[in-house]
Amino acid sequence: MLQFPIYLDHNATTPCDPRVVDAMIPYFTQSFGNAASRNHPYGWQAEEAVDYAREQVAKLVGADPKEIIFTSGATEGDNLAIKGVFEMYASKGNHIITCNIEHKAVLDTCKHIEKEGGEVTYLKVKPNGLIDLAELEAAIKPTTILIAVMYANNEIGTVNPVKEISAIARRHGILFFSDAVQAVGKIPVDVNKDGIDLMAFTAHKMYGPKGVGALYVRRKNPRVKVTAQMDGGGHERGMRSGTLNVPGIVGFGKACELALNEMQADAERIGKLRDKLENALLSVEEAHLNGDKEHRLPHVSNISFKYVEGEGLLMGFNKNIALSSGSACTSASLEPSYVLKALGLGDDLAHSSLRFGLGRFTTEEQVDYTVEQVTNTVNKLREMSPLWEMYKEGIDLNTIEWAHH
Amino acid sequence: MAYSEKVIDHYQNPKNVGTLDKSRNNVGTGLVGAPECGDVMRLQIEVDEATGIIKDAKFKTFGCGSAIASSSLATEWLKGKSVDEAVTIDNMTIVEELNLPPVKIHCSVLAEDAIKAAINDYRKKNGYEELKFEEGIVH
């Protein structure tokens, strides 16, 4: 039996795995100590739990536990990495290279850096959503201190050539930071094999709790330091003050352990379901896949259905299916997705997009139902769409003088 | 953001979806909005030449649920009105009827613009001077 609403928005957040919740519960009421309390068993228990979780988190990404700084989430990790490097390495230079489809937590932090006297280059991505390596290398200057490029994109799921990016960074003696929120726990990420110097990720995108994340900061070859962005008790090797969120950290650790053990099987199963969903929806007339088909996370598909508007489309089934759209109407800013626009899609296609994000608990039955509902709604709305009628009559929509408002 | 029941009802059971023959003299067509802005409305009226009464109205809309509901409601209100009465339909009455939230007011403005464009198209075809309207609020 299908239960509603079906959740297909796993790039926004994921449900906590029940095993994660079980691991967390004792740390709310029984072992509730402050991990910084060094003089009694409550503190010792909390510290031990944090140390264990730090090992679990480090293991998933191939890091040393000492290189894991716990944060409140990836937005904080992005801020700490970029601002922290900018301040710590000010004597070396002030130039940062990033790209135009990064998450707002990176883009807005870079804008802040510009106000502080920094210089930022925003690389344009290729139409498939990936970084152009030649352009990246050409953007490097003597003053460049950091390359900040995401591992995988949150809207289209494309996975950047991280190893190649880090090789360029190494060659020029520049630090490489990656926002890996969407990738960690979904595909193998290894900070040493990938050559990453700093990396932000978060628990709630990988079946852990909200409000806890980590920043990986390399300790060897090279030893990286960031300037703390919050003053206080000097927790987390002085890089991030604030009482540790022990239950959250325990849950994060458990989520990482589960991901390590189950990621491969999950990815294979979810990937098959994604392909089934995607193939069925792409057989709809004038449906277009956004982003590179190959270099992509296994659980994401972003599709534009031309001549219907995304929010109107969602309204056809959003009581029963939870999905996101790149349509302006669904965002606070009333602008269509800047990620899709950066791929060179016209605003009209950006307005017509849906993002499908499958997850650990997605079933084939849910996928089949979604295909049916989306297809029916697209067909129904096209019957009401003046653009569809014009398209069918062979009118080129670009030749019409639209009354822009 | 939750939709009002009236918006949902118009979305699920839109009234008067369709196309009138725009080459006919007693049919006025208004096409407003732009694909890049995420909404395009086409609204058509068919006028009884003897009485000047709008005897049919049809729409097609590319847009969100509120845009579809605004145009569906507009066609309902147009039918049975004289062309002169139809000109007075105000976007704020659409907002009130559908309980549109502030971010969706532009949908009602678009519907008002579509009505006026359809009426002017009809007037032009039939040798009347086109009506001048003040610029709507910026949306």
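**Reading chain B and its partner: a tutorial**

Analyst: In chain B, take the contacts between residues at least 6 apart in sequence: 63% of them join residues at least 24 apart. Two residues are in contact if their C-beta atoms, placed from the backbone, lie within 7 Å. This is a predicted model: local features need pLDDT of at least 70, side-chain atom pairs count only at pLDDT 80 or more, and totals for chains, interfaces and linings use all residues. Residues are numbered from 1 along each chain as its sequence is written, while chains are lettered from A and ligands numbered from 1 in the order in which they are written.

User: Which elements make up chain B, and in what order do they run?

Analyst: Elements are DSSP runs, numbered from the N terminus: helices are H or I with at least four residues, strands are E with at least two. Chain B has five helices and three strands. From the N terminus on, they run α-β-β-β-α-α-α-α. The radius of gyration of chain B is 14 Å, close to the 14 Å of the globule rule for 139 residues, so chain B is as compact as a globular protein of that length. That radius is taken over C-alpha atoms, and the rule is 2.2 Å times the number of residues to the power 0.38.

User: What share of the residues in chain B is buried?

Analyst: Buried means 20 or more other C-beta atoms within 10 Å of the residue's own; exposed means 12 or fewer; partly exposed lies in between; C-beta atoms are placed from the backbone. In chain B, 49% of the 139 residues are buried.

User: Which residues of helix α4 in chain B are buried?

Analyst: In α4(B), residues 91–98, the buried ones are N91(B), I94(B), V95(B) and L98(B). They cover an arc of only 100° around the axis, which puts them on the same side of α4(B). The arc is that of the directions from the helix axis to the C-beta atoms. These buried residues pack against α1 (5–12), α2 (65–78) and α5 (105–125) of chain B. The face turned away from the buried side carries the exposed M92(B) and E96(B). Just after α4(B), N99(B) takes a positive phi of about 55°.

User: How many residues of chain A are in contact with chain B?

Analyst: Count the residues on each side: 26 of chain A are in contact with 25 of chain B. On the chain A side, α9 (310–315), α11 (347–351) and α13 (386–392) each give two or more residues.

User: Is S283(A) buried or exposed?

Analyst: S283(A) is exposed, with 10 other C-beta atoms within 10 Å. S283(A) is found in the loop between α8 (246–282) and β9 (287–289) of chain A.
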